[in-house]
Amino acid sequence: MVEITIRKRPRTEAVVTQRKFFKKTARGKVIKVIRERYLRSDVACGILSCNICSASSETNVPSHRTLPASGSVDHTLFSEGHFVLPDTNIFLAQMDLMESTLFTPPIIVLQTVMEEVRHRSLPLYNRLKALMKIDEKRVWVFYNEFHSETAVIRDEDESPNDRNDRAIRKATSWYNTHISLARPPVRGQEMPLPKVVLLSDDAANRQKAESEGLQCLSARRYVEGMPEASKTQLLDLIATPGEDIEPTRAVSGRQQLYPDYLPMSTLLAGVKAGQLHQGHFNANQYNYLEGSVPVPAFDKPVLLIGRENMNRAVQGDVVAVEIFPEDEWKAPADEVVDQEATLKNDDADDTDEEATDDEETRAEQRALRADAARRIAKEKQPTGRIVGIIKRNWKSYVCHIDSTSLTSSNATSLSQQTVFATPVSRLLPRIRMRTRQAPSLLGQKILVTIDRWDSSSRYPEGHFVRALGKVESKEAEQESLLLEFDVPYRPFGKAILDCLPPEGDSWVVPPKSDTHPDWRDREDLRDLIVCSIDPPGCQDIDDALHARRLPNGNIEAGVHIADVSRFVHPDTPMDNEAAARGTTVYLVDKRIDMLPALLGTNLCSLRPFVERLAFSVIWEMNSEAEIVDVRFTKSVIASKSAFTYEEAQIRKDDPCV
Amino acid sequence: MGSRVEILNDDGYRSDGRRQYELREITIDLSQRGAADGSAMITHGLTQVLVTVFGPREAKMRSHTLHDRAVLNVEVNIAPFSTGERRRRTRGDKRVLELASAIKSTFEPVVQTSLYPRSQIDIYVHVLQQDGGLLQASINGTTLALVSAGIPLLDLLCSVSGGVHSASPLLDLTTLEENDLPHLTVAVMPKSGKVTLVSMETRLHVDRFGEMFRLACDAAKVIHGEMKKAVKARTQKLVNAMDVGPGAKLQGDFADRDDEMDMME
C-alpha cells in the first residue's frame, strides 16, 4: 500500500514556483509556457551518515551510491577531504578527464549542470549518465532546483547562463554550510571539515565564486594538485582550448549553412554554354567532406571539397558544377574523415533554438585543415563547387537509428522525437527524421526516405517508411541487402499471374496438327535422344542437347533452348516485370525469380519425359568437326533424361557405353 | 519537438519536483458566483476549472424532460486562453462535446434525479487554465458545485488521472506527462468504492492497467478527504454567518456524526 499525498504549496510562494517563458515553435509561432515546480526540503545531500539528511529523507539510498564522509583526502590542497562539484563547461569540454579511471574524487553533479549539458549536447549528456553508473566512480546527483534552500529565480535582465551559474554557486555554498551543520563542533572544538570545491573553466564564474568565499579551481589547477601518480596522465586528457568557453548565445534565427541553388534555367543555360558542367554526384566513402563528379569535359572527375561546395548533393543526384580557376585545384586526400566521429556530439533537434554551428563547423574545419596539409600537389584534379541540382535521385535507404540521438529512450514513450537515421551505406549523410516510435525502432533496420534538404539545415530531413526487422536477424539483413542493391523481390502481382496460361501445371504440348497455332513452323524432334546436363537439384532446365551420327557419316549435333516467347508476349505485364528484374537472383537459401515459377521451373523447363516447346540450332559437321551445315528452327522436343554433371561424366567415362 | 524533460528520472523525481505518487496542489473555492445555485472553482496545480450549477429548475424545452426524473445537461466551455497558444474552438467541437457527454454519464448514477421529475439540472463547466488532468478537474469541480447547490448526491464523486512510465505508475499528470505517457482517468465513489467512469484514450499494456487502476482508486479517496475538508469549511462559514443565536459556533469535529449529515447545512 503506497502512500499517496498531496503536495502543498504555501500561497506566497507562487512567484517562486511558477516558471513562465516564451517559446517559439518550429513553425515560428510564439507561445507562452508556464511550468510549475514544487520545492521540497527532503532532497538528500548524498554524503554518507549525514544526520540531517537521513532524518528527513524518505527513501533508503543504497550505501554504495552515497559519497564517503570525508570525500577524497588525496589532494594536496585539501587535506581534510573534499568533494568536487564540476561546472557545466567541465562536462562539455573535459569529459575525457571526468571519465578517466584515475580521476577518483567523489563528484557532486547538480541538477542545473545536468540540464545544461543535456540542452547543449545530447551525446555528452548520455556519456554523463553512463559515467554515473560506473561502479568505481562515486557520483551523486543533487537536485538543487527542487530543494527549497537552493532553488534560484532568474532576476530581471539576468541571462539564463548567469542564472545557472548563480544556482551552481548557491548550491556549493549550501553544501559547505550543510556539512558544517551536520558536524557540529565536538566539545567546543571545530572538527576538520571536508570542503566542496567548485571546478570551473569559466574565469568570470571563478571570480564571482571567490568573492563569495567559495573554493574554486580551474580543471588544470585542480589536476596539478593531484597526487603524482595520476597527475601526468590526467594532464594529457585536459582539452586544449586555452580561452574560456563562451556562454550560450541567444537565439539568432536560422542561419544559412549552404549557398542557395541557381534557378534551373540558369543551370541549363550554363551547361549548354559550357560554363557549368553536368554529372552524377559521387560521395567519397572514406571522407564525408569530399565528393566528385565525373564530367565529359575533363578526364579526371571534378573534386568537391568541403560541405558547402558539395551543397546538399546526395549520392546519385545529377548536379551542375562550376569549376574553380586552375590555381585553386586540389588533390584528393587520403585521410579518412568519418561523419559519425566528427559530428558525434551534434544534436538531432532543429537548430532553430540554438546556434550550434560553431562546434560543428569548428570540428569540420579542423578535419579539413588536417587533410589539406596532406594533399600532394602533383595529383591535382579539377576542383569546383555545386551550384545547382538538375535531378534528384532520392529513394528509400536502409538505415538504423542512432541511439545517441534519442532524447527519451523510455520504451513506452509516445512523444514525437527528432532522431538521426544513419544509412547503412557509407556514401549517404545522416538523415534527420521525426517519429513517435523511436524507442521501439532502436535496434531495428528501417527504411527512410529523404524529403528535403533546406539550406538552413545541416542534415537532410526525411521520414520513416517501414521497419525491416531486428538488426542482425537473417530476414532483416537479407531484405536490407536486397533493398540496397535494388533487387525487386516482391511476389508477382495478379496482373502478371494472369498472363500465365490458364491450364497452369497441367499444360501439355497439344497433339500434332496442322491447324494448331502451337505447331505452326515447328519441327517435330520428339524422336531425337535429347538430354540435359545441370547441377543436382536444378529445377529450371533451360537447355538440352543431342548428338547422333548421320547415315552419310557426318555428325549431327543440336542445342535446344526453351521457347519462352510462346508464353511471354511483348508488352505484357509479365514482360515488363521480367525486363525490370533482368535476371533471376540466386541467394544461398532462396531464389528470386525473374519469371513466375510456373514458367521457370515447369513449362519453360526442358524436363525429361515430357514434351516441351523449344528453339533449336542443329549443326551438321564432319569427322574433323568442321561445320558443314547449320539451321535454326522452332521445335518440339522430348528430353529423355536430365543428367547431373556427375552422372554425365560417369557415362562418358564408361567404356562399355 | 522532442521532449527535453525527463518524465521520471532515476532518483524518482518528476519534471516538476514531485515524486511518483504525489498529487499536485488542490485549491477549492466554493464561494457563490452570480446567480448560480451552486458554483465551485477547483485548481489542480495549474489546471483551473470553474463549474456552475443551475437547478433543479423548470426545463427550457418541455419536450426534453422526463416524467419521472430530472434531466442532467452539461455544457463545457474551454476558454481560448486556457492553453499555451490561443485557440478558439467552434461551438460543436467534437472533443468538447465528448468531454461534456463523459461528465454527464459519470453523474447520471450519482445525482438523485428521481427526486425532481420534469426538471432540468444545468451544469456549466468553464475551463480557465489547462495543464493536464482536465477531465479529472471537471469531475471534481462538478461534484463540488452540485454539493454547493444543495442537490442530493449518493456520494462525493472524486476523480484522478494516472499514467504509467515504463512500469512505474504516476498520479495526477501534467500536460507534458500526458503527451508522453499512456494515461487514464478514473471517477470513484469513495465510500462504496464504486467506479462510475474509467476513461483511457491511449494504449496501455493490459498487465499495467490493473495496478494503475487500483492506484487511481486509492488516490481518489485522498482527494475525497480534501473535498470534505473544503465543504466543511464552507458550511462552517455559512453557519457562522447565519447567526443562529447564542452559542452559534458549532463545536467540535463532525467525525462522530453520521456521514450523511455532512451534506446538509
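How many of the 265 residues of chain B count as buried? The share comes to 49%, with buried meaning under 20% relative accessible area, exposed meaning over 50%, and partly exposed anything in between (1.4 Å probe, protein chains only). A quick word on ground rules: this is a predicted model, in which local features need pLDDT of at least 70 and side-chain atom pairs count only at pLDDT 80 or more, while totals for chains, interfaces and linings use all residues. Residues are numbered from 1 along each chain as its sequence is written, chains are lettered from A and ligands numbered from 1 in the order in which they are written, and side-chain values use heavy atoms, with hydrogens and water left out.

Chain B holds four helices and ten strands. Helices (H or I, at least four residues) and strands (E, at least two) are DSSP runs numbered from the N terminus. Reading chain B from that end, the order goes β-β-β-β-β-α-β-α-β-β-α-β-β-α. A contact here means heavy atoms within 4.5 Å. Among the contacts in chain B with a separation of 6 or more, 69% come from residues 24 or more positions apart.

Next comes the place where the two chains meet. The size of an interface is often given as the accessible area lost when the parts come together. Buried area is counted in that way, using a 1.4 Å probe and summing over both parts. Between chain A and chain B it is about 3,900 Å², and carbon and sulfur atoms give 48% of it. On chain A's side, A:I4, A:I6 and A:E36 supply 16% of the area that chain A buries against chain B, more than any other three residues. In terms of residues, the contact takes 47 from chain A and 44 from chain B.

Polar links cross this boundary too. There are 13 residue pairs in polar contact between chain A and chain B, both residues being at pLDDT 80 or more. A polar contact is a pair of N or O atoms within 3.5 Å; within protein, one must be able to donate a hydrogen and the other to accept it, and residues adjacent in sequence count only if both atoms are side-chain atoms. Several elements of chain A each give at least two residues to the side that touches chain B, including β1 (5–6), β2 (18–24) and α6 (122–133). The largest share of that side, five residues, comes from β3(A). Sorted by type, the residues on the side of chain A that touches chain B are 14 nonpolar, twelve polar and 21 charged. For that sorting, Ala, Val, Leu, Ile, Met, Phe, Trp, Tyr, Cys and Pro count as nonpolar, Asp, Glu, Lys and Arg as charged, and the others, Gly among them, as polar.

The chains also share strand pairing, which requires that DSSP finds at least two bridges between two strands. β1(A) and strand β1 of chain B (residues 22–23) pair in the parallel sense over two bridges. Within that pairing, A:T5 sits opposite B:E22.

The whole structure has 41 of them over all chains, and the count between chain A and chain B is four. In one, B:E22 meets A:R40, with the closest N and O atoms 2.9 Å apart. This pair runs from strand β1 of chain B to the loop between β3 and α2 (51–56) of chain A. B:E22 counts as buried because its relative accessibility is 5%, and A:R40 does so at 1%. A:R7, A:R40, A:D42 and B:E22 are linked in a network of salt bridges. Elsewhere, B:E6 forms a salt bridge with A:K129 at 3.1 Å between the closest N and O atoms. Inside chain B, B:R18 and B:D16 join up at 3.0 Å, N to O; B:R18 is buried at 0% relative accessible area, and B:D16 is buried at 3%.

Further along chain A, β26(A) (residues 627–644) has two strand partners to look at. Strand β20 (residues 522–534) runs parallel to β26(A) over nine bridges, with A:R522 partnering A:K634. Strand β25 (residues 611–621) joins β26(A) antiparallel through eleven bridges, and A:L613 stands opposite A:V636. β25(A) and β26(A) form a hairpin with five residues between them, where A:A625 in the turn has a positive phi of about 65 degrees. A salt bridge ties A:R526 to A:E611, the closest N and O atoms being 3.0 Å apart. That pair links β20 with β25, and its residues lie 85 apart in the chain. A:E611 counts as partly exposed, at 29% relative accessibility.

Definitions and conventions:
Buried area is the accessible area (1.4 Å probe) that two parts lose on being put together, summed over both. A salt bridge is a side-chain nitrogen of Lys or Arg within 4 Å of a carboxyl oxygen of Asp or Glu.
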